[in-house]
Amino acid sequence: MPDLTSIPLPYRILLLYVEPAAAFNGAILAHFFPAYYLAGMSPSATTSTYSSPSQVIFDQLAACYFLFAFNEAVVLRATSDLRVWKTMVLGILICDLIHLYGTWDALGTAFWDPRLWRFEDWVNLTMLYGPGGMRLAFLIGVGLKEKKTPTAARKEL
């Protein structure tokens, strides 16, 4: 088992526990409760907006969420290599940005006004902004102590 203590605890909690659980929950919702999922993601949708021929899209979305959950819960535990962690976190941050765009498109002007958010919007956007901010902090190195290679250490002398 790799020594993950070089990754600060807040990042480990988020990336190894909180986010995999949230992604797994998203996979369950998208696959088993697609009408509820759709109504939660788009204020203009209702549970009656869902149609069974579109289930394949929700199943594919569920597969993506499950992949996120697996990558964070399993792959990140398999290595303490900061390059692997940063690569994975960058990929998730890119996904977050696309998710934010989709949410902006669905909410319209309400996207910028939290007073107009529904409960579902609060959950959705809080799970994007908070962890997204932590991912950005991780990528720019906040709290990280990168190990110096022998070559880099010699150059400093």
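Q: What pattern does the protein follow along the sequence?
A: The pattern is α-α-α-α-α-α. This is a predicted model, by the way.

Q: How many helices and strands is that?
A: There are 6 helices and 0 strands.

Q: What box do the C-alpha atoms fill?
A: Roughly 65 × 35 × 20 Å, taken along the principal axes.

Q: And how much of the protein is buried?
A: Buried residues account for 36% of the 157 residues.

Q: What about the accessible surface, and how much of that belongs to carbon and sulfur?
A: The accessible surface is about 9,700 Å². Carbon and sulfur atoms hold 70% of that area.

Q: Charges next. How many positive and negative side chains are there?
A: The protein has 12 positive and 12 negative side chains. The centres of the two sets are 13 Å apart.

Q: Back to the fold. Of the contacts between residues at least 6 apart in sequence, what share joins residues at least 24 apart?
A: That share is 69%.

Q: Which residues make the contact?
A: From H1, Gly26, Leu29, Ala30, His31 and Phe32. From H2, Pro34, Tyr36 and Tyr37.

Q: Which residues of H2 are buried?
A: Pro34, Ala35, Tyr37, Ala39 and Gly40.

Q: What do those buried residues pack against?
A: They pack against H1, helix H3 (55-75) and helix H5 (119-140).

Q: Now Ala23. Which helix is it in, and is Ala23 buried or exposed?
A: Ala23 is in helix H1. Its relative accessible area is 10%, so Ala23 is buried. The cut-off for buried is under 20%.

Q: What does Ala23 contact beyond its sequence neighbours?
A: Leaving aside residues within four places in sequence, Ala23 contacts Tyr65, Phe68 and Ala69.

Q: How far is Ala23 from Cys64?
A: Their C-alpha atoms are 8.8 Å apart. Along the chain, Ala23 and Cys64 are separated by 41 residues.

Q: Switching to Thr79. Where does it lie?
A: Thr79 is in the loop between H3 and helix H4 (82-107).

Q: Is Thr79 buried or exposed there?
A: Thr79 is buried, because its relative accessible area is 18% and the cut-off is under 20%.

Q: What touches Thr79, neighbours within four places aside?
A: Pro2, Leu4, Val84 and Trp85 are in contact with Thr79.

Q: And how far is Thr79 from Met1?
A: C-alpha to C-alpha, 8.0 Å. In sequence, Thr79 and Met1 are 78 residues apart.

Q: Last one, Arg118. Which loop is it in?
A: Arg118 lies in the loop between H4 and H5.

Q: How does Arg118 count on accessibility?
A: At 22% relative accessibility, Arg118 is partly exposed.

Q: What does Arg118 touch, not counting residues up to four places away?
A: Arg118 touches Ala39, Gly40, Met41, Ser42 and Pro43. Ala39 and Gly40 are among the buried residues of H2.

Q: How far is Arg118 from Arg135 in space?
A: The C-alpha atoms of Arg118 and Arg135 are 25 Å apart. In sequence, Arg118 and Arg135 are 17 residues apart.

Conventions: Residues numbered from 1 in each chain as written. Predicted model: local features only at pLDDT ≥ 70, side-chain atom pairs only at ≥ 80, totals over all residues. Heavy atoms only, no water. Helix = DSSP H or I, 4+ residues; strand = E, 2+ residues; numbered from the N terminus. Buried < 20%, exposed > 50% of the residue type's maximum accessible area, 1.4 Å probe, protein only. Contact = heavy atoms within 4.5 Å. Areas by Shrake-Rupley, 256 points an atom, 1.4 Å probe, with all protein chains shown as cover. Lys, Arg positive; Asp, Glu negative; His and termini not counted. Charge placed at Lys NZ, Arg CZ, Asp CG, Glu CD.
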